[in-house]
Amino acid sequence: MSDSQKKPEIVPNKLMDLLVNDVFSKHGIDKEQIKGRLSEEKKQMLKEMVEDLSKRVDEFVQQTKDNNKKR
């Protein structure tokens, strides 16, 4: 079993960090400055969005695995 199959959450988390950092740097945003500015409502919305995206990715990966088994 490869490392990516043992810990599938590592790659998406690293990818998410890379994309977020890239967007922040393009717009001149410092992560430390905005940490205290997010309202609880926005934090909850972001958390729900990440959970939804994670669920969708997991479903896609499972569907891909199932399709590969059928072949």
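Mentor: Happy to! Along its sequence, the protein chain reads α-α-α-α, which amounts to four helices and zero strands. Helices here are DSSP runs (H or I, at least four residues), strands are E runs of at least two, and numbering starts from the N terminus. Please keep in mind that this is a predicted model, where local features need pLDDT of at least 70, side-chain atom pairs count only at pLDDT 80 or more, and totals for chains, interfaces and linings use all residues. Residues are numbered from 1 along each chain as its sequence is written, and side-chain values use heavy atoms, leaving out hydrogens and water.

Among the chain's elements, α4 has the highest mean pLDDT, 87, while helix α1 (residues 3-6) has the lowest, 48. That score is the predictor's confidence in each residue, from 0 to 100. For the protein chain as a whole the mean is 79, with 85% of residues at 70 or more.

Now to the side chains. A salt bridge means a side-chain nitrogen of Lys or Arg within 4 Å of a carboxyl oxygen of Asp or Glu, and the count comes to three. One of them joins E40 and K43, at 3.6 Å from N to O. Both residues belong to helix α4 and sit three residues apart, about one turn of the helix. E40 counts as exposed because its relative accessibility is 59%, whereas K43, at 36%, is partly exposed. The cut-offs are under 20% relative accessible area for buried, over 50% for exposed, and partly exposed in between (1.4 Å probe, protein chains only).

Further along α4, D52 and R56 are four residues apart, again about one turn. Their closest N and O atoms are 3.1 Å apart in a salt bridge. D52 is partly exposed at 34%, and R56 is exposed at 53%.

The patch covers about 480 Å² of surface and is made by M16, L38, L46, M49, V50 and L53. Areas come from the Shrake-Rupley method with a 1.4 Å probe; for residues, only the protein chains shown count as cover. Patch residues have over 30% relative accessible area and no salt bridge; like charges are joined within 9 Å, and nonpolar side chains (Val, Leu, Ile, Met, Phe, Trp, Tyr) within 5 Å. L53, which lies in helix α4, is partly exposed because its relative accessibility is 40%.
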